[in-house]
Amino acid sequence: HRLGPIRAPGLRALAATLFGAGITLGALNVVALAASERHHADYLSTLIPAALAVGSLTGGLLYGRRTWPGPLARQLLLLATGFLLGALPMLADPAPAVAIAAAVLPGLFLAPLLVTGFHSLDVLVPPNTLAEASAWLIACLGLGQAAGTALAGLAPVTSPAAAAGVAAAGAAASCLLLWATRRHLAPHPRQARSQSAEPLAGSR
């Protein structure tokens, strides 16, 4: 089919979800810069993104230590909800030390969300389209990051709370999109039998 795997409703739902997550990631970079300006602490511009990365590494390692049973839709919804809740503390424009600690929170759910999203392609698209489907997810994540950076950049340079609002909006969009499209996360007909025989794992 000339549209490729993007014609699968499940892939479109995941692509939109990662676009929203990308908005959060792009906006958080602007949050870091705004916080460094507001608090006259240049180190925040690097430590906040670093804390997000540390949280993502930690979340990925913890998530990969066990097998996670249950429907794909439920796992993705829980992770997206955690990602949203983790992004909310930045709205309060916390003090520098608290901001660094708070940046870890969305990171804890970021890697598991990405792992589950890419892993779910095994059951959402035909097996001969996995590479193209993965490219769609990567592209949408990158586009979301660019959009988040651009949107958050419209906020006043010394207003990290305004930029954090863009980050929270992206995470909220991811969560709401998954809730709205969860019925599309049913396995592709060719993969339904393999999904029922093998639970979704944090890593392989």
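View 1. Asp93 counts as buried, at 19% relative accessibility. Buried means under 20% relative accessible area, exposed over 50%, and partly exposed in between (1.4 Å probe, protein chains only). The model is predicted: local features need pLDDT of at least 70, side-chain atom pairs count only at pLDDT 80 or more, and totals for chains, interfaces and linings use all residues. Residues are numbered from 1 along each chain as its sequence is written, and side-chain values use heavy atoms, with hydrogens and water left out. Asp93 sits in the loop between α3 and α4. Helices (H or I, at least four residues) and strands (E, at least two) are DSSP runs, numbered from the N terminus. The phi of Asp93 is positive, about 50°, although Asp93 is not a glycine.

**View 2. The salt bridge of Asp93 and Arg38.** The structure holds one salt bridge. The term stands for a side-chain nitrogen of Lys or Arg within 4 Å of a carboxyl oxygen of Asp or Glu. Here the side chains of Asp93 and Arg38 meet at 2.4 Å, N to O. Arg38 belongs to helix α1 (residues 9-38) and Asp93 to the loop between α3 (72-87) and α4 (96-124), so the pair ties together parts that are 55 residues apart in sequence. Arg38 is partly exposed, with a relative accessible area of 44%.

**View 3. His40, an exposed loop residue.** His40 lies in the loop between α1 and α2 (44-63). Its relative accessible area is 73%, so His40 is exposed. Phi of His40 is near 55°, a positive value in a residue other than glycine.

**View 4. The crossing of α3 and α6.** The axes of α3 and helix α6 (residues 160-181) come within 9 Å and cross at roughly 160°. Axes are lines fitted to C-alpha atoms, for helices over the stretch in contact; angles run from 0 to 180 degrees between N-to-C directions. The two helices, α3 and α6, are therefore roughly antiparallel to each other. Angles over 145 degrees count as roughly antiparallel, under 35 as roughly parallel, 65 to 115 as roughly perpendicular and the rest as oblique.

**View 5. Residues between α3 and α6.** From α3, Leu76, Leu77, Ala80, Thr81, Phe83, Leu84 and Ala87 meet Ala168, Ala171, Ala172, Cys175, Leu178 and Trp179 of α6. Contact means heavy atoms within 4.5 Å. By class, this contact has 12 nonpolar, one polar and no charged residues. Ala, Val, Leu, Ile, Met, Phe, Trp, Tyr, Cys and Pro count as nonpolar; Asp, Glu, Lys and Arg as charged; the others, Gly among them, as polar.
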